[in-house]
Amino acid sequence: MRPALAAGAAEVAVKLGALRQFLAAHGGGALRLRGSDWFAWVTAGGANTVLLASDTGVAEVLVTRAEACILTDEIEAERLKAEQVPPGFTFHVAPWTDTDLHDAFVLGEAGGAPVLSDHPGPGELPLPGGARQLRLRMSAPEQARYRALGLDAACAASEVMRKARPDWTEYALAGAGAEALWRRGIEPALVLAAGERRVQQYRHPTPSDAPLGRQAMLVLCARRHGLVANLTRFVCFCQPPLRQSEMKQVEATGLAACVPGNSLSAVYHALVQAYHHAGQPAAIREHHQGGVTGYRARELVATPSTALQLESGMAVAFNPSFQGIKIEDTFLIGEHGLENLTCDPDWPALAVQGRMRPLWLEVTW
């Protein structure tokens, strides 16, 4: 059972109240949340996913001005009640052979008024833009869950990279990473692994049967309670690259721009200048730089025109890169600076502009 289901009731009540304000402001009769991201948010960390690769799941949430209801089928209802959904919700359960009954139920509950949805179906309207902004600002309970996830994910990556050997394949490294996450109750939403040859060739190296060789990279997007922690770590069995310092300075410039009130595009432009200063002006076009994270690995990617204003309580994960080298952690924006959520205190690190940043793990072989 998911711990502290009852404790999530107060968090749920606040979120339902905010959603009902959107309904009233936009003249809606019902608000329908189908995505796994929104389901996790409104249920204080519950999961509607069975197939991990799907954006939607086996249940959805219907919010009206009077009720909050889980729409699901007979296969899933009892498990969701017992393990995923905190108090504050009723259930509308349909036979798995006739889930179209949900659509009729929604129309009845909406009473002829518009239905708003994160995945609008025929006749439905998209959620107002302010709803997403609300989700990006994490409450104190969400931040606590994120901290616990970040530390566990970082320790999982550290454990695996300390075990890695040059004769491992990329498949073996990725498999060890996924296993280390699952053992901690974390879903491997993404696992990238690359050895010395393919890390030089590709920014997104999905694992292959190639041996690691003299160095390796592991990238994790680790999901628990709906939140996603993103991090990248390297191990080398030889001399680490000299460009680590340059990469860290690029990242430091971007992170320094992550302050409440700045736009996400301002962070992008800060990174542009940092790449120019490092003598790598083309690097920003070779890979996206990351952006705001939370209930999706990338809620919103930083671009030259991304107008989203950063606020305290938002989380960011940037991954600036040169060919063959990258750096990435997940940070929480606070009133007094950034908090690194994916910091393993036992991993080798170096202070860069007052912030501890991970080094490549050097292993004698």
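The sections below cover the basis of the values, the cavities and the pockets.

## Basis

The model is predicted, with local features needing pLDDT of at least 70 and side-chain atom pairs counting only at pLDDT 80 or more, while totals for chains, interfaces and linings use all residues. Residues are numbered from 1 along each chain as its sequence is written, and side-chain values use heavy atoms, with hydrogens and water left out.

Rolling a probe the size of a water molecule over the atoms shows where empty space is left. On a 1 Å grid over the protein atoms alone, a cavity is a set of points where a 1.4 Å probe fits but cannot get out, and a pocket is an open set with protein on both sides within 12 Å along at least five of seven lines; lining residues have an atom within 4 Å of a point. Grid points are joined across faces, edges and corners, and a volume is the space filled by probe spheres set on the points.

## Cavities

Two cavities of 30 Å³ or more are counted. The largest holds about 90 Å³ and has 14 lining residues, with Phe234, Lys326, Ile327, Pro358 and Trp360 nearest its centre. Strand S9 (227-236), helix H8 (244-256) and strand S14 (325-326) each give at least two residues to this lining (helices, H or I, of at least four residues and strands, E, of at least two are DSSP runs numbered from the N terminus). Its lining comprises eight nonpolar, two polar and four charged residues (nonpolar: Ala, Val, Leu, Ile, Met, Phe, Trp, Tyr, Cys and Pro; charged: Asp, Glu, Lys and Arg; polar: the others, Gly among them).

The second largest cavity has a volume of about 50 Å³. Val199, Tyr202, Arg203, Met217, Phe322, Gly324, Ile325 and Lys326 line this cavity, and by class they are five nonpolar, one polar and two charged.

Thr49, Glu187, Arg223, Arg224 and Gly226 are the closest to its centre among 32 lining residues. Helix H2 (36-42), strand S7 (187-195) and strand S8 (215-224) give two or more residues each, and S7 has the largest share, with four. The lining is made up of 15 nonpolar, 10 polar and seven charged residues.

For the second largest pocket the volume is about 370 Å³. Of its 20 lining residues, Arg32, Arg34, Glu60, His102 and Asp103 lie nearest the centre. Strands S1 (30-35), S2 (56-63) and S3 (68-73) and helix H4 (101-110) each supply at least two residues; the largest share, five residues, is from S2. This lining divides into seven nonpolar, seven polar and six charged residues.
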